[in-house]
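Please look over the structure shown below with the following report at hand. The report takes up one chain, then one contact between chains, and then a single residue.

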There are 4 protein chains.
Amino acid sequence: MKERTAQVRWEQRTQQPLMALAVVFAVAYAVPIVVTPVGPGLARACTTVEWVVWGAFAADYLVRLGLTERRGEFIRRHWLDLCAVILPLLRPLQLLRVISALMLVGRRARMASQVKLTTYVVGSVVGLLMFGSLAVLSVERDSPNGNIKTLGDAVWWSFTTMTTVGYGDHAPTTGLGRILAVGLMLSGIALLGVVTANIAAWFIARFEMDDAEERRQTEAIQSLTEEVRRLRAEVAALSTPDRSP
Amino acid sequence: MKERTAQVRWEQRTQQPLMALAVVFAVAYAVPIVVTPVGPGLARACTTVEWVVWGAFAADYLVRLGLTERRGEFIRRHWLDLCAVILPLLRPLQLLRVISALMLVGRRARMASQVKLTTYVVGSVVGLLMFGSLAVLSVERDSPNGNIKTLGDAVWWSFTTMTTVGYGDHAPTTGLGRILAVGLMLSGIALLGVVTANIAAWFIARFEMDDAEERRQTEAIQSLTEEVRRLRAEVAALSTPDRSP
Amino acid sequence: MKERTAQVRWEQRTQQPLMALAVVFAVAYAVPIVVTPVGPGLARACTTVEWVVWGAFAADYLVRLGLTERRGEFIRRHWLDLCAVILPLLRPLQLLRVISALMLVGRRARMASQVKLTTYVVGSVVGLLMFGSLAVLSVERDSPNGNIKTLGDAVWWSFTTMTTVGYGDHAPTTGLGRILAVGLMLSGIALLGVVTANIAAWFIARFEMDDAEERRQTEAIQSLTEEVRRLRAEVAALSTPDRSP
Amino acid sequence: MKERTAQVRWEQRTQQPLMALAVVFAVAYAVPIVVTPVGPGLARACTTVEWVVWGAFAADYLVRLGLTERRGEFIRRHWLDLCAVILPLLRPLQLLRVISALMLVGRRARMASQVKLTTYVVGSVVGLLMFGSLAVLSVERDSPNGNIKTLGDAVWWSFTTMTTVGYGDHAPTTGLGRILAVGLMLSGIALLGVVTANIAAWFIARFEMDDAEERRQTEAIQSLTEEVRRLRAEVAALSTPDRSP
């Protein structure tokens, strides 16, 4: 059996607490956007919680980096994690800290071996819908020409975007809102791809079951085996009379 | 031959009457929406018919539960049926009783072994188009800002939504209408997936027919069989002169 | 060699003249829509040409019906042709005669064995785009609320519909225009499916080339053949000393 | 080892300089569109650079034509390159010179053997987004009814078009802008197809790994080999006593 390294043990043990922290982040992110007007105390508390969760993920990254043996390779393979950890520190990109959190949670979730691709994609889609709605709402609500002013509008707009329906009754008007929207559109294309691929793979697997050529091969091999068996019997009959007289 | 259980016999015998009841439900659901103004007598009659059909499906669920041997497993495997039976009893969700009916009919239809996936999907799409149009019409017609006021508009909107074209000349404005719309959008993605998968599976099945590697294998097996046959002839020739002298 | 029936010979010989007539129909259909104002003489001439072409296709159908041996089966297998022939005779459906013509041309084109599925789909898409644009233009131009008034708008709208982009800057407002639009949308989904399926089939065909399991099988069969060959040599060696002394 | 022809050596050696020139073209094309108002000197300089790059590609085409042995076949196989070289010389099509440049760069990029299909498609999509945005902006900015007036709007519109979302908040209104838009839509469908096909191929490759029929075949071949081996042992035992006495 392969020896589990200290890094792998750490990742398995911290998997669940980090997922719990991700839920805490989600709540702390949603509250100041959904509750309006939000009191200054509540707003400050939520921001603090967000930074604490970010700190926990940053600490997790550093511990994993410390536990691994080949650090250069670790940084190269997990450069996206590094970006996600550093991103919120840059002042103009602070609004994108929700993307940073989604990336960190997503990359940790994919490590859990029991999570299959389809589950992962569906989870990502639900996460993107939720956070995409909230993020676009927080950005567009303050825009003078914006037309996404309530949570209901934001969720509805997310769905029309991700399914590529795009009615255009609601659409982001600010630069940041549009960057978030492009993310949702690309996820929508990925979602469509996974749905189609799943159905296609299932269809093809059933088509292949009655593959005529392979069954003919199996029959040929079986009849050949029968032939050889009869040959052995003949050789055996040949050897017996030779010795008995 | 496998013994058919009482449950299976019941499901096969009630298949057709329940499908007939589904058509009755469809008519009773459509009439008060399409006929305007609808008289109070007709409206009451239609609602009664809807509840009778719901009752028949609920009774069917209970009989199947009674006939099965492993009840815990039955409830777990058919939890969606249970939801669909209970859903219309909850007052605020009564408007969703059409979804409940669609679900019950769909799950019974899938039991019929002669129904293939493609038929099932096409049937679901047609059903969703019809009922989606009617349900959205009934919800949006009373909305002051609504723009879906006639049956023609509703059907047209359903098509633009399900094919993910989404012109935006008509779009639901109420919460309930948007929930129904999201259902149509997701069905549209599934439809697109099934169409693509069907074509892809057919393409690939034709590609595989001229699989060079497999034909080379078949030839190798055949030449080997020839080799063994010649060997048997030699062994036979070897044994004959041995005995004759 | 299989004897070609009189029906097959007729179909091969009339293939090219009928395709030429289809082009004539296209021109006769397009001219009164594109040329505005159209003189009464030109309009009458174009309508006459359209009816002559329809007559040629109807005659072709009757000749093929006459030449076949099993008439019941022919009618059942070509019921769509029969509909397409009868459709324009019904007064309210005369505007749909372009669909009828497209159907007849499409079904004859598919008979030509050298036409592959992809060619057929691409041809259908181009045909649908052209005729969809013209038909919608002819319907919508006279509608008071219509927003498709020029040929450029109609072609542009056809493209946005078929690719499921659906900006909504132009959209049909009449019942007939919307029925034509639904046809374009469904073709768009089929087009998307064929494009994806083509790419997927090509990808998978390349994936399969390095199929490890099959190569292992081929190797096993080859080593087995070698084994049998050596066995034959031994048997030959066995038989020679037996006879020589 | 295969002898590399003079043509192949030329193509490999000029690959990188031509890609660098493509970047120069991109900058020279973007500057007069993004920088407004653009001075007459800068505008003239950029146009000059564009023509120099075009000249380099034209020269590359002529050199390759000169180095090849079968010129007729070269022209037939690279007729798209020839069109792309000639296109910008025709006065009314000069605005399409960006398409011409994209085509030439794309065809040279595909020659580099290390570029895989997916890389090629992703590269094309990014290139089309960039140049599509710029080209539509340069055309629509001067249109009185246009609604694409800034670079931000143009990029946003490109994304909504290519992902087939199509909100309709921005849409081209001129003929040339719409031709460019149709190019983006068709690329979007191709992109969707490649994404789906990639996922589907990956799914199916994993499905095939546990192909039961093939494993049964391998087992049958192995047991047959065992049978033949035992037969050889028996024949060997038969031949030994025959000779020893």
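How many helices and how many strands does the secondary structure of chain A come to?

## Basis of the description

This is a predicted model, in which local features need pLDDT of at least 70 and side-chain atom pairs count only at pLDDT 80 or more, while totals for chains, interfaces and linings use all residues. Residues are numbered from 1 along each chain as its sequence is written, chains are lettered from A and ligands numbered from 1 in the order in which they are written, and side-chain values use heavy atoms, with hydrogens and water left out.

## Chain A

Chain A comes to 9 helices and 0 strands, where helices (H or I, at least four residues) and strands (E, at least two) are DSSP runs numbered from the N terminus. Read from the N terminus on, the elements run α-α-α-α-α-α-α-α-α.

Of the 245 residues of chain A, 44% count as buried, a term that stands for under 20% relative accessible area, with exposed meaning over 50% and partly exposed in between (1.4 Å probe, protein chains only). Chain A exposes about 12700 Å², 65% of it supplied by carbon and sulfur atoms, with accessible areas taken from the Shrake-Rupley method with a 1.4 Å probe and, for residues, only the protein chains shown counting as cover.

## Where chain D meets chain A

The contact (heavy atoms within 4.5 Å) takes 39 residues from chain D and 47 residues from chain A. Between them the two chains bury about 3600 Å², 69% of it on carbon and sulfur atoms; buried area is the accessible area (1.4 Å probe) that two parts lose on being put together, summed over both.

The count between chain D and chain A is 1 salt bridge, defined as a side-chain nitrogen of Lys or Arg within 4 Å of a carboxyl oxygen of Asp or Glu. D:D153 forms a salt bridge with A:R178, and the closest N and O atoms are 3.1 Å apart. On the side of chain D that touches chain A, the elements giving two or more residues are helix 7 (151-162), helix 8 (175-209) and helix 9 (212-243) of chain D, and the largest share, 16 residues, comes from helix 9 of chain D.

## The residue C:S133

C:S133 lies in helix 6 (residues 117-140) of chain C and is buried, with a relative accessible area of 2%. Leaving aside neighbours within four places in sequence, C:S133 is in contact with C:L128, C:A154, C:V155 and C:S158.
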